[in-house]
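This report goes through selected local features of one protein model. Please keep the sequence and the 3D view at hand while reading.

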Amino acid sequence: MNDYTKNLSEAEQSLRTAALEYHASPVKGKISVKPTKPLSNQRDLSLAYSPGVAYPCLDIQANPALAADYTSRGNLVGVITNGTAVLGLGDIGPLAGKPVMEGKACLFKKFAGVDVFDIELAERDPDKLIEIIAALEPTLGGINLEDIKAPECFYIERELSKRMNIPVFHDDQHGTAIISSAALINALELVGKRIEDVKVAVSGAGAAALACINVMEGLGVRHENVFVADSKGVIHSGRENLDATKARFARDTDARTLADIVKGADVFLGCSAPGVLTAEMLKTMADKPIVLALANPEPEIRPELAKAVRPDVIIATGRSDYPNQVNNVLCFPYIFRGALDCGATKITDEMKLACVREIAALAKAETSDEVAAAYAGKELSFGPEYLIPTPFDVRLILRIAPAVAEAAARSGVATRPIEDLQAYRDSLQRFVYQTGMFMRPVFKAAKATPRRLAYAEGEDERVLRAVQVVLDDGLAKPILIGRPAVIAERIKRAGLRIDLDRDVELVNPEDDPRFRQYWEAYHKLMGRNGVTPEAAKTAVRRSNTIIAALMIHLGDADAMLCGMIGRFDNHLRRIRDILGVRDDSEGLATINALLLDDRNIFVADTYIHEDPDPEGLVSIAQMAVREVQRFGLPPKVAFLSHSNFGSSTRPSALKMRRAAELFKQRFPDIECDGEMHGDAALNAQVRSRNLLDCSLSSDANILICPNLDSANILFNVLKEVSGHGTTIGPILMGAAAPAHILTPSATVRRIVNMSALAVANVTAQD
Ligand SMILES: NC(=O)C1=CN([C@@H]2O[C@H](COP(=O)(O)OP(=O)(O)OC[C@H]3O[C@@H](n4cnc5c(N)ncnc54)[C@H](OP(=O)(O)O)[C@@H]3O)[C@@H](O)[C@H]2O)C=CC1
Ligand SMILES: CC(=O)C(=O)O
Ligand SMILES: [Mg+2]
């Protein structure tokens, strides 16, 4: 068994457990294949399959380019490996490499909408591998070679690129080279060194390392300034049996070990093995050293160790848990997006350089107005801790894909050059809006300014598991309300790492020095509602939600979550009593969001207003619009009904129609229509069958329901039938401070999402 599973620290052990569970449940593995067409009756069957399927077959036979229209090939990439160099785990074989390939498939899909077949081949012979992969051309629109070891990978990629008429890209070579070059350019700018002058010491002479050096030399690094070591030591002119790819770097030098070449180097590039750059070696590097320690999952040196010995170091790793993640995930989804969209037959150097330029420039660009979101909070700015964009930066797709498509056209490899680039950018923007990416600014804002977040049900195990994630990700400063002994016991039982003295603030409802202050404050607020001092004491002792709300009221907390236990209405009453309503709101309402693969849907009012009148519905919709705008999404409101644009005149239909009219009058700039059926709200064809002048330019994302029952039922049914959709909420709108009431069915993931949202709310309300 590999070293990575031995001698694990507590944190690593807990990551291992979480990673195994993530892979095994609720369904096994990370991807599935989903039909995109209805197949529910005899007619569908005869279109999808025999006899109808014969027609596209024959058309494609006559004109192969039509495969791009009649099949999913044009959006389908094969992530192909033989498992000989899986991450830094080495030659673990194709089957063991499958989780990595499924992982790449997820990233392709989530970040760029590209479909992937992961293909793990039990074949080590390069020529046979080439034959097998080349034969897949009819299936695939592009080939992403992954984790195939050097030097075979160079030959395999070269031959396939020559033979195939679709883009072939070896991610570990070119993806890594693109990202690390962008990071190097930016790091050199920060330390004020010229690329022509720097000495580069490289650990590793495999796929990633050699490709990185090639691109870096193309950008100006001098060949004679590059020194390379592999597992056997420095590559020098006296070494025997060097293959041609390594021989190119053989130096006339006495240096024999990595330590020898690192001495005095300005840049260390590691694409090799864990921990090979020691603190002692790092000490000998030149002034303001740049360290790109890219081995995965364990880098050549950990950033904390590097910074301890060389505070002037700028360091990047391939990992997501440190700043400066130099990982090919910043490139491969987007270079393929651009290449597929213009029907590129190759990935040319010009396309790769376009990526380098865009990625390097993005780190220095002002943060997106593309994702203009009030939640954006404090942004990262270009510097030693932010050399290149983070993988969750939605601007990556918006900038890289069009630049790649343009470069493909310039290089003459685009078979379907993009004629209207602005329309293309708009379509990418829609993709960004439609995906779950909209929670990203929320997490970013929470991380930028973590606030004090009180959890009323601090003893609940789901809360504790969520708090562990919140702490690991730096999303909030948690306050746990609950009995310390019970909390400690549950942390232990769940195998969590929360340190109650260091990581969180505890409030013991049975014994907290602030008790007197709290019940007096509650009495002051509620005295004229018949709450006596004795009743106030009892209420504060009995209700953690009251304590959480009072903490915000008295400035001891910034935001709160409650509702994992007990009835929604009881929590709501307490929040309303203590925190009250925002000045610019007429009341409280709730909205739930559902993040699906192809759209985001917000439903209101799911928990509060039983049977709102038209004015009440307008106010709910207004709050919903504000909430959706905060996510950076364009709000599109549909007032739902059993009636479709006048098809019924029952009172509830007239109510929804009136609400839509009032809303349009008051907010003419917001897209809105109604009353309408649920399918009309979500389907342009249905809308156009009924109405030619519907004011929704595209499908609605805010569904305002006639009453509590319909909203609550709609949301829960959608949640259930949508399978893997992520749910956010209920989001309490209109409260004077960020307070959200979850439900007893809340999962750990939902609690984490709502934690980030509550913290981001604080920043947004400042
Ligand atoms: N951050 C990122 O985006 C990426 C990171 N990587 C990482 O880079 C590393 C290499 O991947 P890849 O190039 O695909 O794999 P390869 O198998 O092609 O190359 C590995 C190279 O590392 C060398 N090596 C192994 N052990 C040592 C050591 N102790 N000291 C010095 N060199 C050593 C090997 O030497 P020899 O030639 O003598 O066998 C070989 O040259 C992996 O850890 C991988 O995770 C890869 C791609 C992307
Ligand atoms: C990131 C990657 O592709 C690797 O480490 O192999
Ligand atoms: Mg790889």
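## The annotated binding site

G90 is partly exposed because its relative accessibility is 23%; buried means under 20% relative accessible area, exposed over 50%, and partly exposed in between (1.4 Å probe, protein chains only). G90 sits in the loop between strand 1 and helix 5. Helices (H or I, at least four residues) and strands (E, at least two) are DSSP runs, numbered from the N terminus. Leaving aside residues up to four places away in sequence, G90 touches G83, T84 and A85, where contact means heavy atoms within 4.5 Å.

V86 belongs to the loop between strand 1 (76-81) and helix 5 (98-112). V86 counts as buried because its relative accessibility is 0%. With residues up to four places away in sequence again left out, the residues that V86 touches are I92, G93, G97, V100 and D147. An unreviewed UniProt entry carries the annotation "binding site" for V86, L87, G88, L89, G90, D91, I92 and G93. UniProt positions are given in the numbering used here, feature names are shortened, and annotations may be inferred rather than shown by experiment.

## Basis of the model

This is a predicted model, in which local features need pLDDT of at least 70 and side-chain atom pairs count only at pLDDT 80 or more, while totals for chains, interfaces and linings use all residues. Residues are numbered from 1 along each chain as its sequence is written, chains are lettered from A and ligands numbered from 1 in the order in which they are written, and side-chain values use heavy atoms, with hydrogens and water left out.

## The annotated N-terminal domain

The unreviewed UniProt entry also gives "domain: Malic enzyme N-terminal" for residues 28-161. This span is 40% helix and 12% strand, and its end C-alpha atoms are 34 Å apart.

## Backbone exceptions

Most residues other than glycine have a negative phi, and most peptide bonds are trans. D147, which is not a glycine, has a positive phi near 50°. D147 is placed in the loop between strand 3 and helix 7 and is buried, with a relative accessible area of 2%. The loop between strand 3 (142-145) and helix 7 (152-163) also holds P151, and the peptide bond from A150 to P151 is cis, with omega near 0°.

N324 is likewise not a glycine and has a positive phi of about 55°. It lies in the loop between strand 10 (314-317) and helix 14 (332-341) and is buried at 6% relative accessible area. A cis peptide bond, omega near 0°, runs from G729 to P730; P730 is part of strand 20 (residues 726-733).

## A parallel sheet and its helix

An open sheet of 5 strands is ordered 13-12-11-14-21, with parallel pairing; two strands pair if DSSP finds at least two bridges between them. Its edge strands, each pairing on one side only, are strand 13 (505-507) and strand 21 (739-741). Neighbouring strands are turned by 20° against each other on average, direction ignored. Axes are lines fitted to C-alpha atoms, for helices over the stretch in contact, and angles run from 0 to 180 degrees between N-to-C directions.

Strand 11 (residues 451-455) runs parallel to strand 14 (residues 559-562), and 3 bridges join them. Y455 has L561 in strand 14 as its bridge partner. Helix 19 (residues 461-473) lies across strand 11 and strand 12 (476-481), at about 160° to strand 12.

## Helix 16

Helix 16 (residues 395-410) has 16 residues. Of these 16 residues, 12 are buried, among them R395, L396 and I397. After helix 16 comes G412, with a positive phi near 75°.

## Salt bridges

The count is 52 salt bridges, each being a side-chain nitrogen of Lys or Arg within 4 Å of a carboxyl oxygen of Asp or Glu. K246 pairs with D230, with the closest N and O atoms 2.9 Å apart. K246 lies in helix 10 (residues 244-247) and D230 in strand 6 (residues 226-230), so the pair ties together parts that are 16 residues apart in sequence. Both K246 and D230 are buried.

R687 and D699 form a salt bridge at 3.0 Å, N to O. R687 is buried, with a relative accessible area of 4%, whereas D699 is partly exposed at 24%. E12, E298, R302, R319 and D321 are linked in a salt-bridge network.

Key:
Expected span 1.5 Å × (residues − 1).
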